[in-house]
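Please open the structure in your viewer and keep the sequence panel beside it. The tour below goes from one selection to the next and says what is to be found at each stop.

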Amino acid sequence: MSSVDRRPLQNTPASARIIATANNRFGAVLSSLFSFWSARATAIGSGMNVARRDAYSVILFNHAALTAIENDFTSTPDQLLDALLPYKADRGTNYTAALVHAQDLMKKHWCTERPPVIIFLSDGECGIADQTMQDLCRTSVQLGKALSFHSVSFGSDVYSQCLRRMVEIAQDAQNDVQAKARPAETLWRSFSSQAPTANTVKSTYNQALDTVQLSETFLRIAESLRKPRGALMHYTVSPE
């Protein structure tokens, strides 16, 4: 993420602050996150006195994982960005550590009113066992809702195999819960707030070759989240 072949978006309210500390791929990610948070804030109330129901957590990882933002309900997009600006890109890619960390945070802050959503971004390559992703999805279902998982490959498609596989596992888990929740005699449950998949957004794989595409990807995910009542948001980003 320290490579300078991709840089933050220009001419945005946050551009100067980001460029001053992270004029590289990591800065491009911060630009996209800021756009995402701003889009979600607009969708919630467009300035009206409406409380935010999203809870944001951001996990940064290289060879290990750390929590940069945890279960935040109150910070503005500018405040969320400011919390990430002190971090710098580093080397190393450990998908397992990142997902295990995300699973722990999901369990710690689980709320039945907010469907869990993970946006997992990396520009590197790393192996990971299917079991790790299956455990994450199974834990989410056991807690009450299927996980909506969005992987984002920020770079060449040659590094995307594991990211694609993680989405396949998440989609299988979502489909399995949906199939079990909709027998003919209890079809009404699909319209109930208690149904595990009622507020779940379909998991997706996304590839972004440049900063503009990355921002568009995050905005597309933000748009897909407009219908659910709220989301337990976890961003897992490799600052490699």
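Buried means under 20% relative accessible area, exposed means over 50%, and partly exposed is what lies in between, with a 1.4 Å probe and protein chains only. Begin by selecting Asn11, which is exposed because its relative accessible area is 78%. Asn11 is found in the segment before helix 1, and its phi is near 60 degrees, a positive value in a residue other than glycine.

Before moving on, please note that this is a predicted model, in which local features need pLDDT of at least 70, side-chain atom pairs count only at pLDDT 80 or more, and totals for chains, interfaces and linings use all residues. Residues are numbered from 1 along each chain as its sequence is written, and side-chain values use heavy atoms, with hydrogens and water left out.

**The whole chain**

Colour the chain by pLDDT, the predictor's confidence in each residue, from 0 to 100. The mean pLDDT of the protein chain is 86, and 83% of its residues reach 70 or more. Helices (H or I, at least four residues) and strands (E, at least two) are DSSP runs, numbered from the N terminus. Confidence is highest in helix 5 (residues 130-143), at a mean of 97, and lowest in strand 6 (residues 232-237), at 60. Over residues 184-198 the pLDDT is below 50, and this stretch has 18 contacts in the model beyond near neighbours in sequence, where contact means heavy atoms within 4.5 Å.

Now switch to a cartoon view, in which the protein chain shows seven helices and six strands, following the pattern α-α-β-β-α-α-β-α-β-α-β-α-β along the sequence. Of the 240 residues of the protein chain, 52% count as buried. Among contacts between residues at least 6 apart in sequence, 75% join residues at least 24 apart.

Select Phe36 and Phe218 next, and show their side chains. Rings of Phe, Tyr and Trp (its six-membered ring) pair if their centres lie within 6.5 Å, and planes under 30 degrees apart count as stacked, over 60 as edge-to-face and the rest as tilted. By this rule there are six aromatic pairs. The ring centres of Phe36 and Phe218 are 6.2 Å apart and their planes are at 90 degrees, so this pair is edge-to-face. The pair links distant parts of the chain, since Phe36 belongs to helix 2 (residues 25-44) and Phe218 to helix 7 (residues 211-224), 182 residues apart. Both Phe36 and Phe218 are buried.

Stay with helix 7 and select its buried residues, which are Thr211, Leu214, Ser215, Thr217, Phe218, Ile221 and Ala222. They cover an arc of only 155 degrees around the axis, which puts them on the same side of helix 7; the arc is that of the directions from the helix axis to the C-beta atoms.

Return to helix 2 and select Arg40, which has its place there. Is Arg40 buried or exposed? Arg40 is buried, with a relative accessible area of 4%. Leaving aside residues up to four places away in sequence, Arg40 touches Asp54, Tyr56, Ala222, Leu225 and Arg226.

**Helix 3**

In helix 3 (residues 77-84), select Pro77, Leu80, Leu81 and Leu84, which are buried. Seen down the axis of helix 3, these buried residues fall within an arc of 100 degrees, so they line one face of the helix. What covers them includes helix 1 (15-21), helix 2, strand 1 (55-61) and strand 2 (65-72).

**Helix 6**

Move on to helix 6 (residues 161-180), where Leu163, Met166, Val167, Ile169, Ala170, Ala173, Gln174 and Val177 are buried. Seen down the axis of helix 6, its buried residues fall within an arc of 155 degrees, so they line one face of the helix. The face turned away from this buried side carries the exposed residues Gln161, Ala179 and Lys180. Among the elements that cover the buried residues of helix 6 are helix 4 (95-108), strand 3 (116-122), helix 5, strand 4 (148-154) and strand 5 (204-208).

**Last stop**

To finish, select Phe61, Tyr95, Phe120 and Phe149, which form one aromatic cluster.
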